[in-house]
Amino acid sequence: MSPQSSPPRRRGLSARLASFRYALAGILALLAGEVNARIHAVCTAVVLVAGALCHLSRMQWVAIIAAIALVWIAEAANTAVELLCDLFCEGRYHPVVKRIKDIAAGGVLIAAVCAVVIGLLVFV
């Protein structure tokens, strides 16, 4: 192994299980630390219950689940970007970091608006 190489990666079932534990810890941290994630969780629950009560078709469920996933992925990415920016700035203002955070937040807004449009198309 050359000096620039990274150490060998763990393989097998225990490594896969550890990956799932890390991902679950990330989801729990997202919910614990972000008010918007908790709002998304409530909205997700409401939409899933409404879908069940309305007996959505399979394709309607596909659209709803895709919209929900899009919003959650955008929120998780936005939160990760914000945390990295905050770590980089150490509490100081930086105009480029503000722009980065605004763009990431804009991505969440786009996802949420698209999810609302999909919800209207499915439920109305």
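Is Lys 101 buried, partly exposed or exposed, and what is its relative accessible area? Lys 101 is partly exposed, with a relative accessible area of 23%. Here buried means under 20% relative accessible area, exposed means over 50%, and partly exposed lies in between (1.4 Å probe, protein chains only).

The model is predicted: local features need pLDDT of at least 70, side-chain atom pairs count only at pLDDT 80 or more, and totals for chains, interfaces and linings use all residues. Residues are numbered from 1 along each chain as its sequence is written, and side-chain values use heavy atoms, with hydrogens and water left out.

The structure holds 3 salt bridges. A salt bridge is a side-chain nitrogen of Lys or Arg within 4 Å of a carboxyl oxygen of Asp or Glu. In one of them, Lys 101 pairs with Asp 86, the closest N and O atoms being 2.6 Å apart. This pair links distant parts of the chain: Asp 86 is in helix H3 and Lys 101 in helix H4, 15 residues apart. Helices are DSSP runs (H or I, at least four residues), numbered from the N terminus. Asp 86 counts as partly exposed, at 40% relative accessibility.

Lys 98 and Asp 102 also form a salt bridge (2.4 Å, N to O). Both lie in helix H4, 4 residues apart, about one turn of the helix. Glu 90 and Arg 92 meet in a salt bridge at 3.3 Å, N to O. Both of these residues are exposed.

Thr 79 lies in helix H3, which spans residues 58–89. Thr 79 counts as buried because its relative accessibility is 8%.

Methods
Helix = DSSP H or I, 4+ residues; strand = E, 2+ residues; numbered from the N terminus.
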